[in-house]
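Here are my notes on the model, as numbered points.

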Amino acid sequence: MSKQDQQDVRGKRVLITGASGTIGRALGARLVAAGAQVVGLDLRPGGDELYPVIECDVTDDASVSEAVADAVARLGGGLDILVNNAGIGGPAPAELAPSEEVRRQLDINLLGTWRVTAACVEALVANRGRVVMVASRMAVLQLPLAAAYGASKRAMVAYADALRHELGTHVGVTCVYPSAVRSPIHDSTAAAGLSLEGMSTYEPLGGVVDAIVRAALSPRVLRDVTTTRKGAVEFFIARHLPALSDRIVQRTLAARARAGSFDTAEIAAGLVRRHRGLA
């Protein structure tokens, strides 16, 4: 989509969650440079962003309520675009009982999105606004050993569907599906002895920001936006040929397990035993 196919962002009032992280920081800088009014929310504001970032814990009802009210006031009492970008990842095998790590991912990625959006509804409806959900390719194409992240992002999309039904007469709702972007979100997975290498392909940050901007500013509300051509193909296969996408993931997983890619990961011990015929 060319700039001619986008609404003018100048003067648009934008709220971004996870505003001090890799994607949020780049997105906010892009929008500010284009003339938007931007305020961010983040658990740990960096202090060097190009726009004000309010400290906010999206897992806390009171913190969200206060921070959103502050943000909307700083934006002049209105809101045109909400970008739900806050999220965390981490290892979480489906075969193990839910841990604190699992609960935290669900609380931030799903319920945090829900809390912030609910706090913004009145302002968004009043201004015929947009909500952009930064989901994930894993919302449609689940990868192994990361059940909590995929479940939280798939649930985010389900929440977006419900929101679209309820607010669609006044508010546009779009989900964006990036793959992996190099950022600290993957640090805990790497520390557990796991790696995305071979299971997922990193994509350029700029392309993800482009997709979010396209979702926010398209004259016609877009339902789903992928971030690369490869991502569009994967999205189509996962949605329409799920058995094929399952076979692709299973083959890749088996090859990596046999090659020893998970040998140092204690939480993957069961998977490794099964693939080597030791269980």
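**Notes on helix packing and the sheet**

1. Ile237, Ala238, Arg239 and His240 of helix 7 are in contact (heavy atoms within 4.5 Å) with Pro242, Leu244 and Ser245 of helix 8. Helices are DSSP runs of H or I with at least four residues, strands are E runs of at least two, and both are numbered from the N terminus. By class, this contact has four nonpolar, two polar and one charged residues; Ala, Val, Leu, Ile, Met, Phe, Trp, Tyr, Cys and Pro count as nonpolar, Asp, Glu, Lys and Arg as charged, and the others, Gly among them, as polar.

2. The axes of helix 7 (residues 229–240) and helix 8 (residues 242–258) cross at roughly 115° and come within 5 Å. Axes are lines fitted to C-alpha atoms, for helices over the stretch in contact, with angles from 0 to 180 degrees between N-to-C directions.

3. The model is predicted: local features need pLDDT of at least 70 and side-chain atom pairs pLDDT 80 or more, while totals for chains, interfaces and linings use all residues. Residues are numbered from 1 along each chain as its sequence is written, and side-chain values use heavy atoms, leaving out hydrogens and water.

4. Seven strands form an open sheet in the order 3-2-1-4-5-6-7, with parallel pairing (at least two DSSP bridges between two strands). Strand 3 (53–55) and strand 7 (224–226) are the edges, each pairing on one side only.

5. Strand 2 (residues 37–42) runs parallel to strand 3 and is joined to it by three bridges. Leu41 has Ile54 in strand 3 as its bridge partner.

6. Helix 4 (residues 147–167) packs on the sheet, touching strand 4, strand 5 and strand 6 (172–177). The direction of helix 4 makes about 160° with that of strand 6.
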